[in-house]
Each structure stands twice: as C-alpha cells, then as structure tokens.
Amino acid sequence: MEVLRVAERDAASTPASAGEANTRERKGVMESSIKLSVHGLSAWYGDRKVLHGVSLEVGAKAITAIIGPSGCGKSTLIRCLNRMHEVVPGARVEGSVYVDGADIYAPGVDPVMVRRRIGMVFQRPTPFPTMSIFDNVASGLRLGGRLPKPQIAERVEQALRAAALWDEVKDRLNAPATALSGGQQQRLCIARALAVDPDVLLLDEPTSALDPAATARIEDLVTELKQRYTIVIVTHNMQQAARVADRTAFFLNGELIEYGPTSAIFTRPRDKRTEDYITGRFG
Ligand SMILES: Nc1ncnc2c1ncn2[C@@H]1O[C@H](COP(=O)(O)OP(=O)(O)OP(=O)(O)O)[C@@H](O)[C@H]1O
C-alpha cells in the first residue's frame with residue numbers, strides 16, 4: 001500500500017502530465033517519439049525459454065522502468081536490448097529490436113557497435129580495478145579510435161560532470177577507481193558509459209548495492225540525464241520506479257503483463273496480476 005501512496009503522491013504532483021499521458025495512450029499515441037521498438041522478442045538460455053514474444057516501445061528522452069519479481073526476465077530483456085544476451089554460451093534471441101528504426105539484430109550489424117550506442121550499467125559497480133579514475137572513463141574512447149589526448153581529457157571531464165562526479169574526483173583523477181565509495185564507483189560506471197556518447201543507457205538495478213543517500217544521488221542523476229538520453233532501468237524497488245520513471249513495464253514469467261504511464265500502473269493497474277504485485281501480494 002505504501003507503494004500506492006507514493007505513486008499517488010507522485011501522480012498528484014503531476015496531474016496534468018499523468019492525465020494527458022493516459023488520454024494519449026488510450027488513443028494509441030505515445031507521449032514522446034519512439035527510440036526503441038521491441039517486436040516479438042523471445043530469449044533462451046540453452047533449451048530454456050525465458051522471454052516469450054515481448055513487444056514494447058520505449059520513448060526517446062524518457063525513463064522506462066522494468067519491474068517484476070525475481071527471475072521474471074528483467075535483466076535478460078535489457079541484455080537483449082544491446083546484444084549482451086548472446087555473449088552467454090548457448091543463449092539465443094528471436095525477434096527484433098529497432099533503434100531509431102534500424103534492427104540491431106539485422107544480418108551484418110556489429111554487436112560491438114551496438115553496445116557502444118547502447119550503454120549499460122550493472123547491478124554492482126564494475127570499474128576496471130587496475131585502472132585510475134581517468135583511465136576508467138577514457139577506456140571506451142581509446143578502444144573506439146584515435147582521439148588526440150586533449151580531446152580524450154575533455155570528453156572524460158564532460159562525462160564525469162554529466163555523471164555528477166567531477167567535483168568529487170577532479171583533484172585525484174589518477175587515483176585508483178577502487179578508492180572510490182560504492183556510490184561514486186557506480187557514478188564512475190555511468191560516466192564510463194556516457195563517455196562514448198551513447199544513444200541509450202540501460203541500467204540494471206543500479207542502486208541495489210547502494211545506501212539510501214547514494215541511491216538518491218543516482219536517482220537525481222538519472223532524472224537529469226533523461227534530458228539527453230533514453231534510459232531503461234530495471235528495478236526491484238517500486239518506489240524508485242514511481243519516483244523516476246515516465247513509463248513502467250511489469251513482467252511476470254518472461255511475459256510483458258502491463259505497460260503504461262508509471263502513475264497509471266501504480267494507481268490504476270488494469271491487470272489483476274500487476275495489482276497483486278505492486279500491492280505486495282507476491283514477489
Ligand atoms: N546465465 C544464465 N544461464 C541460465 N539461465 C539463466 C541465466 N541468467 C538467467 N537465467 C534464468 O533466466 C530467467 C530470467 O532471469 P533474469 O536474470 O533475466 O531475471 P530477473 O527478473 O532479472 O531476476 P532478478 O530480479 O532476480 O535479477 C531466470 O529463470 C534465470 O534463472
């Protein structure tokens with residue numbers, strides 16, 4: 001019920017936008033232009049099918065939350081959105097994912113390029129442990145080509161500023177990344193993803209290993225980043241989805257059960273299973 005109260009409060013604070021979004025959605029019109037379009041996506045680990053024909057559209061420069069109980073396929077889904085799923089031995093995908101109208105699974109598409117355009121941040125901070133703060137952020141830029149040193153330094157600073165970390169690290173850029181706190185390390189990983197100027201940012205439970213203060217900073221940061229990036233966030237925390245996401249998708253057993261404006265999902269779910277989940281009856 002607490003979740004509903006939080007969502008109701010959020011909905012009450014943005015009555016016009018939530019109401020408008022619902023009206024538009026009923027007419028079948030998305031609030032913003034489409035960035036990512038998923039069509040009939042199924043995924044397997046070996047013989048085991050864990051995603052069943054998922055279709056959904058993700059609006060540009062908006063935050064889309066993926067929620068659902070443990071094991072329902074949230075991480076698998078977002079790993080399919082940048083072709084990370086296929087790096088697991090025996091894993092495979094059927095269906096299409098269009099980014100700006102182009103299928104990332106079309107023959108001839110280089111998955112490495114897809115992963116540069118669609119950055120990902122994982123559950124636990126994953127800085128390269130032997131590298132400095134600077135080198136962590138510069139790593140993707142160096143892989144990508146031959147940028148001159150001053151330009152690399154400029155891009156590193158921009159990325160650290162965008163990730164709201166610059167002021168905390170500008171005097172110790174050569175210190176090891178592991179010297180940072182967990183929350184700072186997660187913002188460093190966000191900076192590393194931003195440095196290569198992606199179109200889309202995928203966040204897989206980015207705050208699950210963080211304390212409430214570090215979580216709040218990441219949520220503020222993500223909210224700010226949506227001005228420039230399309231963001232998909234997997235979260236176990238329904239209050240977090242209610243706080244940051246424009247739209248929320250609820251998954252169960254590898255199926256998309258309900259998808260819509262976050263305020264509608266949390267206050268007026270259409271499917272009984274969504275209602276049972278958000279009111280804590282299972283999961
Ligand atoms: N590498 C893997 N090999 C085999 N099965 C896997 C693998 N990763 C995930 N699975 C299975 O796929 C299903 C979906 O897992 P996934 O991690 O996508 O769910 P999730 O909703 O993100 O779960 P959680 O919230 O616990 O992180 C689960 O049944 C899981 O056991």
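I started at the ligand and listed the residues around it: Tyr-45, Val-50, Gly-68, Ser-70, Gly-71, Cys-72, Gly-73, Lys-74, Ser-75, Thr-76, Val-88 and His-236. Helix α3 (residues 74-80) gives the most to the shell, with three residues.

Residues are numbered from 1 along each chain as its sequence is written. The pLDDT, the predictor's confidence in each residue from 0 to 100, averages 88 over the protein chain, and 88% of the residues score at least 70. I noted ipTM 0.98 and pTM 0.87 for the model. Residues 1-31 stay under 50 in pLDDT, and the model has 36 contacts for them beyond four places in sequence. Where pLDDT is low, the predicted coordinates should not be read in detail.

**The whole chain**

I found twelve helices and ten strands in the protein chain; these are DSSP runs numbered from the N terminus, with helices being H or I of at least four residues and strands E of at least two. Of the 283 residues, 41% are buried. Here a residue is buried if 20 or more other C-beta atoms lie within 10 Å of its own, exposed if 12 or fewer, and partly exposed in between, with C-beta atoms placed from the backbone. Among contacts with a separation of 6 or more, 70% join residues 24 or more positions apart; two residues are in contact if their C-beta atoms, placed from the backbone, lie within 7 Å.

**Helix α9**

I checked the length of α9 (residues 212-225): at 1.5 Å a residue its 14 residues should span 20 Å, and the end C-alpha atoms are 20 Å apart, which agrees. The expected span is 1.5 Å times one less than the number of residues. Which residues of α9 are buried? They are Ile-218, Glu-219, Val-222 and Leu-225. The face turned away carries the exposed residues Pro-212 and Ala-213. On the buried side, α9 packs against β3 (63-67), α6, α8 (182-195), β7 (200-204), β8 (230-234) and α10 (238-244).

**Helix α6**

I looked at α6 (residues 149-162) next, and its buried residues are Val-156, Ala-159 and Leu-160. They cover an arc of only 95° around the axis, which puts them on the same side of α6. An α-helix has 3.6 residues a turn, so residues three or four places apart point the same way. Pro-150, Gln-151 and Glu-154 are exposed on the face turned away from the buried side.

**Helix α8**

I found α8 mostly covered, with 13 of its 14 residues buried. Gln-184 sits in this helix and counts as buried, because it has 21 C-beta neighbours inside 10 Å. Not counting residues up to four places away in sequence, Gln-184 touches Leu-165 and Glu-168. Gln-184 and Pro-125 are 59 residues apart in sequence but 8.8 Å apart in space, C-alpha to C-alpha.

**Positive phi**

Most residues other than glycine have a negative phi, and most peptide bonds are trans. I noted these exceptions.

- Ala-164 has a phi near 55°. Ala-164 lies in the loop between α6 and α7 (166-169) and is partly exposed, with 18 other C-beta atoms within 10 Å.
- Asp-100 has a positive phi of about 50°. Asp-100 is in the loop between β4 (91-99) and β5 (102-103) and is partly exposed, with 14 other C-beta atoms within 10 Å.

**Last stop, Glu-275**

I ended in helix α12 (residues 272-278), where Glu-275 lies. Glu-275 is partly exposed, with 17 other C-beta atoms within 10 Å. From Glu-275 to Ile-265 is ten residues in sequence and 8.3 Å in space, C-alpha to C-alpha.

Conventions:
Predicted model: local features only at pLDDT ≥ 70, side-chain atom pairs only at ≥ 80, totals over all residues. Arc of directions from axis to C-beta. Near = placed C-beta within 6 Å.
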